[in-house]
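Subject: Structure handover

Hi,

Here is the structure I promised to pass on. Please open it first, then read my notes below.

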Amino acid sequence: MDKVAVVILNWNGEEMLGRFLPSVVEHSREEGVTVYVADNGSDDRSVMFIENEFPEVKLIRLNRNYGFAEGYNQALLRVEATYVMLLNSDVEVTGGWLTPMIRYMDNHPGVAACQPKILSWHHKDSFEYAGACGGFIDRYGYPFCRGRILGSVEKDIHQYDTVIPVFWATGAALFIRLDEYKEAGGLDGSFFAHMEEIDLCWRLKSRGKEIVVVPQSKVYHEGGGTLKKESPRKTFLNFRNNLIMLYKNLPEKELRRVLFIRMIADYMAALVFLLQGNRQNAMAVYRARREFRKKRSEYQKLRQENLSRMQRPEIAERWKKSILVAYYLRGIKKYSELIQ
């Protein structure tokens with residue numbers, strides 16, 4: 001059995017693999033580490049490219065595109081390892097990137113998952129939007145990071161180089177114990193993509209497990225490789241999945257109030273999109289809310305399971321206030337200002 005399985009999910013990503021896979025192969029040549037590419041039913045030349053150019057990489061062929069979440073669930077059924085690194089195909093890694101995370105997890109058995117410091121591939125002195133230096137959420141489910149609050153991304157001047165507990169570790173580079181992943185039920189395949197790692201981390205945290213960021217490990221993430229930032233499809237998935245995540249995980253005493261506030265905030269977001277002339281994204285928000293109402297009952301069983309297994313209803317890394325109020329009304333743009 002491997003010590004670490006680095007698993008990259010690919011769908012029609014030949015060009016991206018050509019750019020980023022070499023660094024993963026080069027910097028993962030350690031005893032007990034195996035690099036896998038799980039192909040999500042690609043119809044380009046991805047599989048042939050891997051077989052010809054990277055024969056040392058183990059190929060997992062899935063029969064169709066399962067999406068990000070279920071694609072990883074299917075791939076990890078075919079992997080045996082102590083730890084797995086779920087790595088986006090648009091990530092460039094650095095020398096010794098796995099060692100600090102392996103060492104930390106070996107020495108802290110209560111920690112279920114961690115992430116490295118995520119920097120921007122385009123602007124290497126800045127944090128990357130999707131994960132930065134560890135993730136948090138506010139009372140109403142809005143995610144933010146150490147190094148990125150909403151649209152404001154900080155430069156990395158080593159201000160966040162300590163290991164700390166976080167609420168969620170990014171799915172762009174999620175280092176997790178395979179047995180904990182499976183025991184918690186893995187990623188929610190119905191999400192398809194977006195928010196699935198936060199949902200998984202919420203389950204782990206509420207069941208008494210810890211999640212940390214290990215900044216001594218560093219990677220560069222291009223970001224936006226599958227869906228661009230302003231994609232209506234991405235807007236739909238983010239809003240819908242965020243609402244489902246809240247419903248699945250919120251303690252009973254908070255559920256009605258939080259969902260009511262979110263209804264108001266979501267319709268305000270749709271109005272802002274309309275005022276900006278972005279009708280497609282406005283409609284994506286409406287569709288997301290409509291689908292949440294339609295499918296909410298389907299998640300009742302999962303909600304009851306989560307509540308029954310909850311050991312820690314109050315999670316310190318879930319900020320008790322509104323990040324929108326802090327950002328737009330109080331002018332807080334940095335994580336360091338927020339915690340003051």
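Ser89 is buried, as its relative accessible area of 17% falls under the 20% cut-off. Bear in mind that this is a predicted model. Ser89 belongs to the loop between β4 (81–87) and β5 (91–93). Leaving aside residues up to four places away in sequence, Ser89 touches Ile8, Leu9, Met16, Leu17 and Phe20.

Now the aromatics. There are 13 aromatic pairs in the structure. One of them joins Phe20 and Trp121. Their geometry is edge-to-face, with 5.2 Å centre to centre and 65° between the planes. Phe20 sits in helix α1 (residues 14–26), while Trp121 sits in the loop between β6 (111–120) and β7 (135–137). The pair therefore ties together parts that are 101 residues apart in sequence. Buried or exposed? Phe20 has 1% relative accessibility, so Phe20 counts as buried. Trp121 is at 23%, so Trp121 counts as partly exposed.

A second pair to look at is Tyr247 with Phe292. This pair is also edge-to-face, at 6.5 Å centre to centre and 70° between the planes. Tyr247 comes from helix α7 (residues 232–249) and Phe292 from helix α9 (residues 279–295), so parts 45 residues apart in sequence are tied together. Both Tyr247 and Phe292 are buried.

How do α7 and α9 cross? Their axes come within 8 Å, at an angle of roughly 30°. Angles under 35 degrees count as roughly parallel, so α7 and α9 are roughly parallel to each other. The crossing of α7 past α9 is right-handed. On the α7 side, the contact is made by Pro232, Thr235, Phe236, Phe239, Arg240, Leu243, Ile244 and Tyr247. On the α9 side, the residues are Gln280, Asn281, Ala284, Val285, Arg287, Ala288, Arg289, Glu291 and Phe292.

Arg289 lies over the face of Tyr267, at 5.5 Å from the ring centre. Elsewhere, Lys124 places its charged end over the ring of Tyr220, 5.2 Å from the centre of that ring.

Last item: a cluster. Which residues form one aromatic cluster? Phe127, Phe136, Phe144, Tyr160, Trp319 and Tyr335 do.

Best wishes

How values were computed
Residues are numbered from 1 along each chain as its sequence is written. This is a predicted model: local features need pLDDT of at least 70, side-chain atom pairs count only at pLDDT 80 or more; totals for chains, interfaces and linings use all residues. Side-chain values use heavy atoms; hydrogens and water are left out. Rings of Phe, Tyr and Trp (its six-membered ring) pair if their centres lie within 6.5 Å; planes under 30 degrees apart count as stacked, over 60 as edge-to-face and the rest as tilted. Helices (H or I, at least four residues) and strands (E, at least two) are DSSP runs, numbered from the N terminus. Buried means under 20% relative accessible area, exposed over 50%, partly exposed in between (1.4 Å probe, protein chains only). A charge sits over a ring if NZ of Lys or CZ of Arg is within 6 Å of the ring centre and within 35 degrees of the ring normal. Axes are lines fitted to C-alpha atoms, for helices over the stretch in contact, and angles run from 0 to 180 degrees between N-to-C directions. Angles under 35 degrees count as roughly parallel, over 145 as roughly antiparallel, 65 to 115 as roughly perpendicular and the rest as oblique. A crossing is left-handed if the near helix is turned anticlockwise from the far one by less than a right angle, and right-handed if clockwise. Contact means heavy atoms within 4.5 Å.
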